[in-house]
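Student: I am new to this structure and would like to understand the words used for it. Could we go through them with care?

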Amino acid sequence: MLQITEGSLAVADAVGKCRPQVIAAYPITPQTHIVEALAEMVANCTIDAEYITVESEFSALSACLGASAAGSRVYSATTSQGLALMFEVCFNCAGMRLPVVMTIANRALGAPLSIWNDQQDSISLRDSGWLQFYAEDNQEATDLHYLAYRVSEDHSVLLPSFVCFDGFILSHTYEPVDILSQEEVDRYLPRFRPFQRLDADDPISFGLFAAPDYYMEFRYEIDQAAKKALSVFPKAGREFAELFGRDYSGLVESYRMEDADCALVAMGSLCGTVKDAIDDLRDAGRKVGLLKIRTFRPFPAEEVKKALSGVSRVAVLDKNISLGSKGAVALEVKDALYGSQIPVHDYIIGLGGRDVQKKDIARVVTLAEEGKGDLYYGLREEVLK
Amino acid sequence: MNDKAACGLFDSGHRACGGCGAAMAARLMLDAAGKDTIIVSSTGCMEVFSTPYPETAWKVPWIHSLFENNSAVASGIVASLAKQGRKEKVVAIGGDGATFDIGILCLSGAFERGHDFTYICYDNEAYMNTGIQRSGATPYDASTTTSPAGSCSFGNKRPKKDLPLILAAHGAPYVATASIAYPPDFKKKVEKAINTPGPCYIQVHAPCCTGWGFEGEKTIAIGKLAIETGLWVNYEMENGVVTKVKKVVRKPVEDYLIEQKRFRHLFKPKKNETEIAKIQALADRNAEKFGIDITLKK
């Protein structure tokens, strides 16, 4: 049923229908509306979950880790500083192969303090073993939660997932969203079936320490599991499409890429603006297309390479910066295209909530065509003086 | 031990030092708690010596995540078990570094929220796993590698943090101190804690031969001396009120201090009467506060 609703509320509705048994979360802007909505569902018994009001994000994810190991489907949500505080637990959840699903309402990291959007927070956890899915709009943000549980809990994957949607830009925006019924969600997402759990009748030890003669093999297996998601995610997407018509089977998505000369690469809500800008540019005769990255982890290098094989230049829009290096998406794209002659230009854009408009996208395309890249787009020179 | 036979849920063959007080605490704790117990361990000596992959000494379900989050992990397990209608008891266990210092945020949160679990701190009074650094539980004047005695230092500058009182102030229904030198008492307290609804706390004194500097066969004797000098008091608090105290005919603190290398600087090159008097004053204060003195009839 199509409903005009706030992004956070649509996400909370989807999460509730995934039937999490334990929810642990801590308030932080711009994520808070999600966990407030879930608390309300618990208070009114519309969902059957234990809701732990923890004293920090660190404990939120730690509680999820424990509950997941004990055999429950779990959920948390956070952003920015909260995610940074979870850093240690994030690596633990992945290392212990616990299929936690967590929403990230993407926000910049301090200092300086900023509550506004970029994607530095989740990007900074790229090496943690969490799968990372990025939503373009609130429909996708909502639907990706169903997929995330399916992929994370798949016994050939067993890794936690971030569902990333841009803070404020999506989380606080009202859009029409097709809200699935509980019966529909139940048809897609089966009850949680833990691979193993803490159980007095079958005692096992979780989280042992590994000496140098075992550690590397653990890391290898986690890496293999993450790469396994490259095939599990599309399958989950196809099944979703068969049931509900919306197709998320692509790890990447191409927009007007046929005969494109310049390809823009982006993740998240920026893709919507880019698509509109491309329509205008195409009307003006410019051959421009978009490659949207849906899964940043695992990174779909093969799909990226294939999609970009025919273009003359690539312009990557990075809402993050690996300080002292480049934008994280550009680094991945350059790696995927290694050996080809296609120039990849990186544009650090929209950090800390700096607005990105259609005219900015058009300007980026022009810069790329002029061969000017690897720069921060839209710096205010008067501030730097 | 006359109450409950050792049930072997904490298996032999682990890597603890001979005479390790923490290993005794683990064994006694499981003897009392029984097989329907889920253990949530913090990082530390006990975790490392009992679970080198692919081996484990634990014959009950056991989980270790991080140094400082066992209380939060336990919160999640308790919530999960409640949702599943399962009846296992949850016991979080951590050393004094994990409990007094780095994990106190998670511990405070879990106690304030009132989860039904028991937290056991095996208190060996320093960070032993990393090589004997001071913690908030290190006693006054103990020499550690980060509070070494030197020409202008007598060792650790502060007395122990009163963590049991802090947790009692959270409204914990049951808080107790114990010692591995008194096994039946410790086991009774474990049983009481796990059968009391709500968050319960036991701080068990676990002498560390390596860190404190005494021979491994003296662990129990050292533990007893701590009690007999009044530097460690075994007591129970129910709903914030002290209900039971182990009384002793007190010995001078010197008897305890002189046995341990961590206090050797108080005796060599010459006896430091001033500092020993300060430690005696701490014991006297304990004796007065808890009324531990047995007055011998003449």
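Tutor: Two residues are in contact if their C-beta atoms, placed from the backbone, lie within 7 Å. Please keep in mind that this is a predicted model.

Student: Which residues of α1(A) and α2(A) meet?

Tutor: From α1(A), Ser8(A), Leu9(A), Val11(A), Ala12(A), Val15(A) and Gly16(A) take part, and from α2(A) they meet His33(A), Ile34(A), Ala37(A), Leu38(A) and Met41(A). By class, this contact of α1(A) with α2(A) has 8 nonpolar and 3 polar residues, with no charged residues.

Student: Why are α1(A) and α2(A) called oblique to each other?

Tutor: Helix α1 (residues 7–17) of chain A and helix α2 (residues 32–43) of chain A pack at an angle of about 45°, their axes being 8 Å apart. Angles under 35 degrees count as roughly parallel and 65 to 115 as roughly perpendicular, and α1(A) and α2(A) are therefore oblique to each other. The crossing in which α1(A) passes α2(A) is right-handed.

Student: What makes up the side of chain A that touches chain B?

Tutor: The contact takes 37 residues from chain A and 37 residues from chain B. Among the elements of chain A that each supply at least two residues are β2 (22–25), β3 (50–53) and α5 (87–95), while α3(A) gives the most, with 9 residues. The residues on this side of chain A divide into 22 nonpolar, 11 polar and 4 charged.

Student: How do you know that β9(A) pairs with a strand of chain B?

Tutor: Pairing needs at least two bridges, and 2 bridges join β9(A) to strand β2 (residues 62–64) of chain B, so the two strands, which run parallel, count as paired. Within this pairing, Ser205(A) stands opposite Trp62(B) in β2(B).

Key
Residues numbered from 1 in each chain as written. Chains lettered and ligands numbered in written order. Predicted model: local features only at pLDDT ≥ 70, side-chain atom pairs only at ≥ 80, totals over all residues. Axes fitted to C-alpha atoms, helices over the stretch in contact; angles between N-to-C directions. Helix = DSSP H or I, 4+ residues; strand = E, 2+ residues; numbered from the N terminus. Parallel < 35°, antiparallel > 145°, perpendicular 65-115°, else oblique. Left-handed = near helix turned anticlockwise from the far one by under 90°. Nonpolar A, V, L, I, M, F, W, Y, C, P; charged D, E, K, R; others polar.
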